[in-house]
Amino acid sequence: MVDQKNISRIYGAISDEVSRKVFCSRLLYSLTGDQSLIQWMMDDFVRDAENDVKWLALKRRILNLTEKPYIFGMGAYGKILCDKVGGTDTWRGFIDNSPMSDVCMGLPVIKASDFLKNYSGEKIALPSKAFLFEMREQLLDAGIPEECIIDATAWYDATEGRQYFDLPYLTYGEDEVFVDGGSCDGMSSVRFAEQCHGKYEKIYCFEPDRKNIARLKQNFQSRNIGNYEIIDKGLWNERQELTFAANGAANSRITEAGGDNAEKIEVTSLDEMLRGQRVSFIKMDIEGAEYKALQGAQKIIVDHKPKLAICVYHKPQDIWELPGAILDMRSDYKLYFRHYSSRNIETIMYAL
């Protein structure tokens, strides 16, 4: 049952018109399941990304090449790059270190080691932000000229790269302490460090998936991220042991269902783990565990009023339960809502 007083209280704490529209649309979608109510959010997100200055410049650069280039990586961002920049008319094919097939989107796929043995001057586009440094070093080590390597991560920057940090009201000092709840591959922490121009006090990464932690460490090392601590526990409202689906990806989550990847992990609360440590910014994308984790951060939130960037889409009730929980702790928070996907996911609540 939705508490009308709680909805009115949340609405009264929202501080700009865009946020009011996003909140109301997401609320109605959660209550009805009618995706047409949030279609405008998804359409606006795609339109803004497609009109991004850096993305448009990348498209022009690729389309103006005299010879067709290759895409390094047949993952999601490689496929998006192919689709949005001319399709098969623009590209010669894909290169991949571990190709899953010989053809991708109608184009040939060449194993990277074979391609590099027979390299003959082709341009190579690198669309993956997470693997950009490693791929670039791999090509340079193989003798590929730097001018033949194209940083093609502009679509990431215009989409996923905006999430958690693009709200214009966010400000950063040199003493920031960032909690990355659900760190996954660490790219949110990388973006935080970039926002602070490398000047911050500490990053705490909470990530229980071992495969994700390995990737996180690689990303931090390749980008010289310092002053961090990786905590291989899930976030909850108390210390206990729970079942966890360790998928080695962003959808790893606490679960009751079990399954092939299920394992037991330790969960803990921020208040217990950090024990009075000042925190200035908390991000949470923990696949439906946000409510419990916020309960476990009550003392930090009450004492320090950190900036918050919290996912409010994993469960239908998140859109009213999570902002209500935050306002119960501190009624002086101002709330903002933004959407960061062409699908019905990635709606974020900011509290400042």
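Buried means under 20% relative accessible area, exposed over 50%, and partly exposed in between, with a 1.4 Å probe and protein chains only. By that criterion Thr347, Met349 and Ala351 point one way from strand E17 and Ile348 and Tyr350 the other way, and all are buried. Helices (H or I, at least four residues) and strands (E, at least two) are DSSP runs, numbered from the N terminus. This is a predicted model, in which local features need pLDDT of at least 70 and side-chain atom pairs count only at pLDDT 80 or more, while totals for chains, interfaces and linings use all residues. Residues are numbered from 1 along each chain as its sequence is written, and side-chain values use heavy atoms, with hydrogens and water left out.

**Strand E17 and its partners**

- Strand E17 (residues 347-351) has 5 of its 5 residues buried, so it is largely enclosed by the rest of the structure.
- Two strands pair if DSSP finds at least two bridges between them; E15 and E17 do so in the antiparallel sense over 4 bridges.
- Within that pairing, Leu308 stands opposite Ala351 in E17.
- Strand E16 (residues 335-339) is also antiparallel to E17, joined by 5 bridges, and Phe337 stands opposite Met349.

- Pro306 belongs to the loop between helix H13 (298-304) and strand E15 (307-311).
- With 1% relative accessibility, Pro306 counts as buried.
- Contact means heavy atoms within 4.5 Å; not counting residues up to four places away in sequence, Pro306 touches Val279, Ser280, Phe281, Ile282, Ile300, Ile301, Tyr333 and Ala351.
- Pro306 and Ser280 are 26 residues apart in sequence, yet their C-alpha atoms are 4.3 Å apart in space.

- Helix H9 (residues 187-195) is largely enclosed by the rest of the structure, because 7 of its 9 residues are buried.
- The buried residues of H9 are Met187, Ser188, Ser189, Val190, Arg191, Phe192 and Ala193.
- Their cover includes helix H8 (154-158), strand E7 (177-181), strand E8 (202-206), helix H10 (210-222) and strand E14 (281-284).

**Positive phi values**

- Most residues other than glycine have a negative phi.
- His197 has a positive phi of about 55° although it is not a glycine, and is found in the loop between H9 and E8.
- At 70% relative accessibility, His197 is classed as exposed.
- Tyr164, another residue other than glycine, has a positive phi near 80° and lies in the loop between H8 and E7.
- Tyr164 counts as buried, at 4% relative accessibility.

**Open sheets**

- E3 and strand E4 (residues 107-111) run antiparallel and are joined by 2 bridges; the partner of Val103 in E4 is Pro108.
- E11 and strand E13 (residues 262-268) are antiparallel over 6 bridges, with Gln240 bridged to Val267 in E13.

**The second largest pocket**

- The second largest pocket is lined by 17 residues, of which Trp236, Ile254, Gly288, Ala289 and Lys315 lie nearest its centre.
- Strand E11 (240-245), strand E12 (253-254), helix H12 (290-295) and helix H14 (318-329) each supply at least two residues of the lining.
- A pocket, on a 1 Å grid over the protein atoms alone, is an open set of points where a 1.4 Å probe fits, with protein on both sides within 12 Å along at least five of seven lines; lining residues have an atom within 4 Å of a point.

**Asp16**

- Asp16 lies in the loop between helix H1 (4-13) and helix H2 (17-32) and is buried, with a relative accessible area of 9%.
- Leaving aside neighbours within four places in sequence, Asp16 is in contact with Tyr169, Tyr336 and Arg338.
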